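Here are my notes on this model, in numbered points. Please read them with the coordinates open.

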Amino acid sequence: MQHTLKKSYTFEGKGLHTGAFAHMTIRPAEEDTGIVFIRSDIGPDARVRPLACNVSSTARCTTVSEGEASVSTIEHLMSAAAGLGIDNMIVEIDAQEVPILDGSAMPYVSAITADGLQEQDAPRKYFEITEPFRYEDAESGATIEILPADSLSVDLTADFNSKVLGVQRFRYDSSIDYAAELAPCRTFCFFHELEFLASKGLIKGGDVENAIVIVEHPVDDATLARMQELFGVGPLEVRQGYLNNLTLHFPDEIVRHKTLDLLGDFALLGAPLKGTIIASKTGHRVNSAVCRILSEKYNK
Ligand SMILES: [Zn+2]
């Protein structure tokens, strides 16, 4: 059966990239609504459906747009909805970017699971494929293979050519507890990207409280001091390849977060996929390109 929320929940905070403060309320919705974003700062009709056909950007996060309304960095909220099995939900937000919160899907999951979900009166619709699918991205070396199956599973390999991370692999299926095993896993970035991202006007809401920072190359004290200033934080040091701002929840938290992201991106299909996904080196761009191709092929 389809499920929605039992009640409404409000989250607020800064967007990771825009730095803009947003208030966001997720509300129960009727059967067959799907997930719908409403930009309440524009007006009650400024609706955006988070579907592959509405993806307008995948630079560092997933952005969906319809008409003049855009919502960005939707992936962690979408992942929480997919992971918990929420079919119908209204998301009202008064800014363009979803708050980054702690960089994971846990704030949503802990709020929602405290009350449980509301079962509804219509059967759940699934996204079913009839033949194997394969996609290769020459630019990044990413691959995604999907085989028809009775339920969803994901076998994801994350390889950033990183000495710190190595090659990490994670398998997700219905036996894995999303709330315990994936939801707490936080977003991440490489230290050597920070200055570049900041110079591009991104990560304005980054404060090293909400991201795992991987330090691949030796860093001198002057650079660390510059980062402290940029993010307005206390003394930074490098511990075993990571900045000292936080402790890992899992040794393979990075590939778990990539799995969390992939589940959020595949929610762009508009219904839970029945399929076995075998993916390597993928990110928002490749995930949403695959969802677009599948939607065009099967949603006729
Ligand atoms: Zn993410």
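1. Helix 6 (residues 253-266) and helix 7 (residues 284-298) pack at an angle of about 30°, their axes 9 Å apart. The two helices are therefore roughly parallel (angles under 35 degrees count as such). Axes are lines fitted to C-alpha atoms over the stretch in contact, and angles run from 0 to 180 degrees between N-to-C directions. Helices (H or I, at least four residues) and strands (E, at least two) are DSSP runs, numbered from the N terminus.

2. This is a predicted model: local features need pLDDT of at least 70, side-chain atom pairs count only at pLDDT 80 or more, and totals for chains, interfaces and linings use all residues. Residues are numbered from 1 along each chain as its sequence is written.

3. Which residues make the contact between helix 6 and helix 7? Helix 6 supplies D261, L262, D265 and F266; helix 7 supplies H284, N287, S288 and C291. Contact requires C-beta atoms, placed from the backbone, within 7 Å.

4. Pairing needs at least two DSSP bridges between strands.

5. Strand 6 pairs with strand 7 (residues 63-66) over 2 bridges, in the antiparallel sense. V55 has V64 of strand 7 as its bridge partner.

6. Domain 1 covers 3-124 and domain 2 covers 188-243. Their bounds come from an automatic or database domain assignment. The C-alpha centres of domain 1 and domain 2 lie 28 Å apart.

Conventions:
Angles under 35 degrees count as roughly parallel, over 145 as roughly antiparallel, 65 to 115 as roughly perpendicular and the rest as oblique. Two residues are in contact if their C-beta atoms, placed from the backbone, lie within 7 Å.
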